[in-house]
Amino acid sequence: MSVQNYKNYINGEWVGGGKTFENRNPANTDEIVGLFSKGTAQDVADAAAAAGAAFPAWAAMPAPARGNLLYKAADIMDRKFEQLGAEMTREEGKTLPEAKGEVRRAINILRYFGGEGSRLPGMLVPSERDRVHMFAIRKPLGVVGLVTPWNFPSAIPAWKLAPALICGNTVVLKPASAAPLSSWRIVEALHEAGVPKGVVNFVAGSGGELGQALVDAKPLKAVSFTGSCEIGNWLHGEASKRRLRIQLEMGGKNPTIVLADADFGSAVENVVNASFFSTGQKCTATSRAIVEDAIYDKFVAALVERTKKLKVGDGMQPGIDIGPAIDEAQLATVLDYIEIGKKEAGAPKVGGNRLIGDGFSKGYFVEPTIFSDVTENMRIAQEEIFGPVLAVMRAKDFNDALRIANNIPFGLSASIQSTNLSRVFDFVYGMEAGLLTVNLPSAGVEYQLPFGGSKDSSFGPKEQGPAAMEFYSDYKTVYLKY
Ligand code: NAP
């Protein structure tokens with residue numbers, strides 16, 4: 001089967017011809033999902049210049065008309081729904097149902113922000129003065145750079161592109177090299193929908209090589225980044241030199257607190273789901289289960305039994321719960337942390353190995369792994385692993401659990417499993433994280449409310465929901481005497 005070549009998209013043209021890089025299936029590394037044009041610093045500069053030139057006309061277009069283009073792009077993606085889901089599984093490894101769920105979410109995000117085109121609320125307040133009308137109108141920023149990770153290769157690009165565009169900005173998108181196809185499909189849909197040339201630009205290639213060119217690009221006014229703390233912190237430093245507006249969504253070490261009064265069976269399911277589905281590669285995945293002493297032993301035993309039933313394999317196959325790690329480097333990181341965990345906490349209660357042999361030899365498969373009796377200062381309790389490795393910790397009571405949960409530099413998501421309303425509200429007010437769930441898995445958020453973390457996990461305004469507009473627009477305030 002011939003392998004398709006996916007070009008970059010600059011100023012309304014598909015441009016390539018230079019070097020390419022491979023997008024391989026992490027479940028079967030013999031399969032090349034696509035060849036992508038390897039963007040250069042010049043491509044980034046050209047893309048930013050094209051976005052700069054396209055900005056005035058795009059910003060001047062009535063916002064509902066911009067919204068119609070997002071609706072059209074959503075419809076185009078909807079018609080290819082099955083194909084897009086399968087492509088995502090092949091490039092990222094998550095199971096087909098998870099991939100389809102993500103494509104659905106990306107389509108919904110385009111529609112949601114398409115609708116914002118008819119609202120884009122400004123502010124109107126009464127003046128203290130007679131016959132003075134005072135209001136603030138919302139205006140776009142200009143050219144925005146979008147840098148995205150591989151773990152949600154469609155939803156994250158969608159939740160940056162859609163609010164950026166509806167507010168009237170033009171963009172340069174740099175997708176993750178490990179999974180660029182899903183976001184390429186969104187750009188293709190926007191192109192087919194008739195978004196004017198230069199408004200959306202796509203440059204794939206190594207972030208290490210393109211990142212500096214992006215923050216140096218003269219027309220750039222802002223950067224929205226999702227990915228690791230290391231790269232986000234570096235970008236922050238570079239962007240600050242030019243006083244670019246910046247939004248960072250980064251790593252986490254998310255806890256689920258399980259209290260003795262929880263619905264036991266649901267709590268087990270929620271922790272297993274949040275820890276291991278999508279191979280533990282969700283930024284909101286649970287990586288610490290903090291369990292009240294009274295049910296600790298019973299809960300660990302139930303977690304282990306449930307985890308043993310999970311099926312690991314190629315996410316295209318029916319019945320598979322967990323796909324592979326995204327690539328060799330991520331697999332190596334996970335296996336390294338498993339070794340660290342063995343030294344710190346002893347043998348895992350379940351898992352702990354790379355899967356090899358029939359059905360596994362061509363992919364990056366690892367067993368879902370549980371360490372128990374993990375204590376607060378262990379590295380597996382403090383550092384992001386980003387794989388199917390769960391640290392279970394013992395807490396004396398709720399207050400102890402909350403203290404342990406907060407004793408980390410991160411603050412992305414957190415969950416509590418409890419039927420005690422007072423404890424739940426103590427958690428809601430006391431937990432230092434941006435996304436909380438109650439009696440649900442810590443992962444699995446929707447797009448209609450603000451998304452983002454606190455502490456070292458995030459910087460800048462939140463993404464998604466109406467809050468997304470705050471990053472991608474500014475206010476112009478008017479005092480008018482009539
Ligand atoms: P990553 O290595 O930081 O990469 C993220 C993006 O940054 C990729 O497009 C990458 O390009 C690019 N990049 C790399 N070096 C760069 C540089 N010097 N300048 C500019 N861009 C650069 O993260 P990842 O491995 O893709 O994703 C996993 C991480 O993302 C985890 O830490 C996870 O917690 C975090 N995450 C957070 C959220 C959230 O909402 N908080 C959501 C999802 C993921 P290349 O692919 O070419 O290297």
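In this predicted model, N406 touches G430, M431, E432 and K455, when neighbours within four places in sequence are left aside. N406 sits in helix α13. Its relative accessible area is 14%, and because the cut-off for buried is under 20%, N406 counts as buried.

Helix α13 spans residues 398-406 and helix α14 spans residues 421-430. Two packed helices are described by the angle between their axes and the distance between the axes. Here the axes come within 11 Å and cross at roughly 25°. Angles under 35 degrees count as roughly parallel, so α13 is roughly parallel to α14. The crossing of α13 past α14 is right-handed. On the α13 side the contact is made by F398, L402 and N406, and on the α14 side by R423, D426, F427 and G430. By residue class, this contact consists of three nonpolar, two polar and two charged residues.

The nonpolar cores come next. The largest has 64 residues, and the members that touch the most others in it are L70, M77, F113, L161, L165, L190 and V200. Helix α5, residues 155-166, supplies the largest share of this core, with nine residues. L165 is in contact with W58, R66, L70, V171, L190, V199 and V200, with residues up to four places away in sequence not counted. Another core, of 32 residues, lies apart from the largest one; L259, V334, A395 and I404 are among its members.

Terms used. Residues numbered from 1 in each chain as written. Predicted model: local features only at pLDDT ≥ 70, side-chain atom pairs only at ≥ 80, totals over all residues. Heavy atoms only, no water. Axes fitted to C-alpha atoms, helices over the stretch in contact; angles between N-to-C directions. Helix = DSSP H or I, 4+ residues; strand = E, 2+ residues; numbered from the N terminus. Parallel < 35°, antiparallel > 145°, perpendicular 65-115°, else oblique. Left-handed = near helix turned anticlockwise from the far one by under 90°. Contact = heavy atoms within 4.5 Å. Nonpolar A, V, L, I, M, F, W, Y, C, P; charged D, E, K, R; others polar. Core = buried A, V, L, I, M, F, W, Y, C linked by side-chain atoms within 4.5 Å. Buried < 20%, exposed > 50% of the residue type's maximum accessible area, 1.4 Å probe, protein only.
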